[in-house]
Amino acid sequence: MPTLTIDNQQVTVAEGATVLEAAEQLGIIVPHFCYHKALGAVGACRMCAVTVVEGAQKGLQMSCLIPAEAGMRVTTGDPQSTSFRARVGEWLMLNHPHDCPVCDEGGECQLQEMTIASGHGIRRYAGKKRTYNNQQLGPFIVQEMNRCIQCYRCVRTYQDYCGGRDFGVLGSRDRVFFGRFQAGMLESDFSGNIVDACPTGVFTDKTYRFKSRYWDLQEAPSICPHCSLGCATIPGGRFRELQRVRSGINQKTNGYFICDRGRFGSGYVNHPERPRQLHSRGRELNLAEAVRWLDVQARELLEQQGPEAVLLLGSNRASLESNWLLQQWAIDLGCKVPLLSAHIPRHQAAQVAAFDFSDRLASLEQLRSSDLVVLFGADPLAEGPTLALALRQVVRAGGAVIVYDPRPLELPCEFDHQSLTPVQLHELLSAEKGPEIDRLCELLQRAAQPVLVGGGDLLGAGGLLKLKKLAKRVSNAERACLLLPLLGAANSFGAALLSPAEQDDLLTRLETGRVKMLVCLETDPLLEAPQGERFADALAKLDELVVFDYLPTPLSVHASLFLPTCAPLETVGTFVNNGGRMQRFAPVIEPGLPIAVTGDGDHPPREFLSATPGDEPRPAWQLLQWLMDDRRELSQLHGQMVAQLPRLDGLTELRPGDSGLRVRNADERSVIVEDLPEQPAGTLQLLVSPARYGSDLCSRFSAKLTPRFSPAILRLNPQDAAERELSAGDPVVLDCDLGSFKFCLQLSEQLAAGCALVENSGAFPHLVPGDRLSFCAVGAEVQL
């Protein structure tokens with residue numbers, strides 16, 4: 001570790017660190033543009049000049065390119081360096097339009113800050129400026145090319161880091177242009193990251209355009225709710241409207257970048273049909289009276305009809321605190337332990353991750369450092385997009401990615417795809433010997449840092465347990481083979497961690513008719529669980545249906561008592577991601593109707609009220625506290641949670657915006673796993689896969705993402721289609737246990753033969769990803 005001196009201050013840095021990074025460690029700001037911590041440096045902007053007084057390369061040098069050396073002496077404020085940086089700042093600003101008053105980047109613009117820091121403040125050039133015609137890049141990104149200083153950050157982010165192929169550098173000399181060959185929506189699922197990477201306002205968020213200035217925004221560190229990876233985000237809101245989301249920084253999870261679903265999928269918070277008021281069938285109640293009525297009614301039912309009369313249902317969308325308090329209320333009432341997921345197969349897979357995987361769970365940071373990653377039954381771009389980014393970094397560093405999956409997957413990197421049906425996947429994981437498992441084990445045993453990734457939806461609990469056995473098999477005394485599960489939702493791990501080993505099946509309990517009151521905490525079984533029609537029939541048997549939620553789901557509309565809750569961006573809480581990392585999120589805005597709605601677009605408002613319209617939502621954990629007459633602060637609750645569950649050690653120390661803490665390891669838990677069913681002759685294995693956009697409820701209720709939604713499609717392998725005399729584009733009918741569904745057929749040679757793949761973004765609510773393996777028949781639609 002070299003020790004050097006910068007501006008008469010000594011600093012010791014890691015081997016390979018640059019002089020610029022050493023200066024940052026000392027708090028010395030060297031102006032720069034092309035350098036980015038995730039991208040490195042290319043020396044394109046020439047702004048970071050310093051003078052090396054003692055070292056191998058003396059004189060004026062670019063600090064982002066010069067490695068720190070032992071004994072090196074550097075100055076950043078000498079006349080030579082400051083004069084050079086001032087001239088660089090002047091030529092970079094030569095063609096800039098100076099449109100800061102109308103630029104969305106104003107206030108958080110690196111060009112503003114670094115130009116002043118370089119010493120350039122007075123424009124001398126009076127000639128004609130170079131100008132460009134802007135390109136239409138779709139509904140998410142706005143281009144203003146006249147602001148460009150050719151730092152190349154955008155293309156290095158889009159192409160190099162994220163693997164996009166439809167955006168790059170065009171032109172030559174002083175006519176360099178950054179864009180697409182033809183106008184159109186950027187294709188990458190990570191296109192929004194060029195907004196964060198661009199230092200000048202060339203690329204800005206179109207959905208946020210001209211809404212607020214940076215200094216007017218309310219911002220707070222948060223956690224993305226769209227998948228189980230737990231990416232750090234920084235949402236910003238104003239006037240009770242959530243206006244944008246930008247990437248947070250957490251090296252343990254997403255690093256510096258997020259996916260477009262996380263960035264543009266926040267519309268659910270301000271959805272026009274979001275239920276913001278309490279409603280009660282046949283009763284006039286305020287919030288306090290409704291909470292009191294619910295507690296009294298639940299106790300009366302339990303006293304009259306026994307402990308099964310009231311069923312409490314938690315959720316993998318609800319925070320760790322809310323699910324725990326639901327359990328405490330069950331203890332207080334004397335009813336059965338709450339179920340914390342309506343989707344039993346997904347919950348069982350999460351339990352395997354929370355207990356059986358706990359001693360070898362990998363973080364995305366560890367995966368990015370791996371030299372071999374093998375995926376089983378996982379579609380990263382649909383189930384955890386920033387995992388796909390991490391896989392690209394593995395390949396860029398010289399590692400390899402192997403995928404065993406029946407679906408025609410896409411990844412932003414090169415990978416070896418072995419197309420196997422779900423049954424063949426289980427057979428491979430169970431095999432002791434054979435050409436493919438022998439080859440795979442040899443590769444894993446030779447790897448320095450292998451990681452196995454398992455898709456909980458496709459593998460299920462049984463497949464994940466087999467994956468754990470494979471990881472043990474290829475581990476050795478020097479290093480363990482790590483595991484990374486992909487789970488169903490933001491807090492699937494947390495809900496599983498709180499759950500007992502064995503739980504009754506929700507649907508079975510409802511169908512007995514003994515349940516008279518069902519309390520749903522931020523969940524809707526009609527949308528989030530398989531067997532939706534059976535759920536609808538079972539729910540009709542209830543006397544009381546009580547729903548706590550912040551989404552306009554069918555259940556929230558038909559509830560006999562509905563209590564509006566705060567969205568994650570409106571309250572504080574904790575999620576536990578798929579790697580067992582507890583992360584705290586903070587409130588960004590207060591609940592309430594945006595002024596843009598209450599004022600019909602006028603601002604400032606023309607009338608002033610003592611109450612905020614639409615401010616009834618309360619944090620779910622707070623409503624549950626009120627049910628138990630518990631007025632303690634959340635920090636006090638955290639202490640009690642840790643006392644009851646030592647695995648949550650560190651929960652009290654968590655702060656929004658930090659990297660989070662891993663839960664403690666646990667003993668393996670025996671999960672009862674059913675054998676795979678026998679396949680009837682002439683049928684296909686049915687794969688219901690989440691679409692990239694619209695499968696999770698938060699993105700489904702986000703209008704900004706509508707341009708990325710795709711219709712539900714059915715895919716077959718050409719061989720299976722030929723056997724059924726079907727062609728691409730034919731109208732077909734899929735028959736399965738859940739009913740009959742009509743599709744337009746698509747063919748894919750990459751799809752495993754013997755499978756029927758449905759990518760569902762919500763068009764067919766009864767086809768829910770993650771259900772147990774089932775079979776179907778596909779035939780031509782009969783035209784009447």
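The C-alpha centres of domain 1 and domain 5 lie 55 Å apart. The model described here is predicted. Its domain assignment lists five entries: domain 1 (3–92), domain 2 (126–270), domain 3 (279–343 + 495–597 + 613–662), domain 4 (348–487) and domain 5 (684–780).

- An open sheet is formed by 3 strands in the order β24-β25-β26, with antiparallel pairing.
- The edges are taken by β24 and β26, each of which has a single partner strand, so one side of each is left without a neighbour in the sheet.
- As a general principle, the strands of a sheet pair through backbone hydrogen bonds, in either a parallel or an antiparallel manner.
- Strand β24 (residues 573–576) is joined to β25 by 4 bridges, and the two run antiparallel.
- Within this pairing, glycine 573 stands opposite phenylalanine 585 in β25, and threonine 574 has arginine 584 of β25 as its bridge partner.
- A hairpin is formed by β24 and β25, with 4 residues between them. In its turn, glycine 580 has a positive phi of about 75 degrees.
- On the β26 side, 2 bridges join β25 to strand β26 (residues 661–662), and these strands also run antiparallel. Here arginine 581 has arginine 662 in β26 as its bridge partner.

**Burial of strand β25**

- Strand β25 (residues 581–585) is mostly covered, as 5 of its 5 residues are buried.
- In a regular strand, side chains alternate between the two faces of the sheet.
- From β25, Arg581, Gln583 and Phe585 point one way, while Met582 and Arg584 point the other way; all are buried.

- Helix α22 (residues 620–627) is largely enclosed by the rest of the structure, because 6 of its 8 residues are buried.
- The buried residues of α22 are Ala620, Trp621, Leu623, Leu624, Gln625 and Leu627.
- Those buried residues pack against the helices α7 (287–305), α8 (320–333) and α23 (634–644), and against the strands β21 (517–521), β22 (544–549) and β23 (561–564).

**Glutamine 327 in helix α8**

- Glutamine 327 has its place in helix α8.
- With a relative accessibility of 11%, glutamine 327 counts as buried, because the limit for a buried residue is under 20%.
- When its neighbours within four places in sequence are left aside, glutamine 327 is in contact with Pro338, Leu340, Leu498 and Ser499.

**The second largest pocket**

- The second largest pocket holds about 980 Å³ of space.
- Its lining consists of 36 residues, of which His36, Gln110, Arg153, Asp196 and Arg246 lie nearest the centre of the pocket.
- Two or more residues of this lining come from each of α1 (19–26), α3 (110–118), α5 (193–197), β9 (203–205) and β13 (241–247).
- The element that gives the most to the lining of this pocket is β13, with 4 residues.
- Sorted by class, the lining of the second largest pocket has 17 nonpolar, 7 polar and 12 charged residues.
- Domain 1 (3–92) and domain 2 (126–270) each supply at least three residues to the lining of this pocket.

**Cavities**

- Rolling a probe the size of a water molecule over the atoms shows where empty space is left.
- The count comes to 11 cavities of 30 Å³ or more.
- The largest cavity contains about 510 Å³ of space.
- This largest cavity is lined by 37 residues, and those nearest its centre are Arg346, Gly488, Ser695, Asp696 and Leu697.
- At least two residues of the lining of the largest cavity are supplied by each of α11 (380–383), α18 (525–528) and α24 (697–700).
- Helix α24 gives the most to the lining of the largest cavity, with 3 residues.
- The lining residues of the largest cavity divide into 18 nonpolar, 11 polar and 8 charged.

Methods: Residues numbered from 1 in each chain as written. Predicted model: local features only at pLDDT ≥ 70, side-chain atom pairs only at ≥ 80, totals over all residues. Heavy atoms only, no water. Buried < 20%, exposed > 50% of the residue type's maximum accessible area, 1.4 Å probe, protein only. Pairing = 2+ DSSP bridges. Domains from an automatic or database assignment. Contact = heavy atoms within 4.5 Å. 1 Å grid on protein atoms, 1.4 Å probe; cavity = no way out; pocket = protein on both sides within 12 Å on 5 of 7 lines; lining within 4 Å. Points joined across faces, edges and corners; volume = space filled by probe spheres on them. Nonpolar A, V, L, I, M, F, W, Y, C, P; charged D, E, K, R; others polar.
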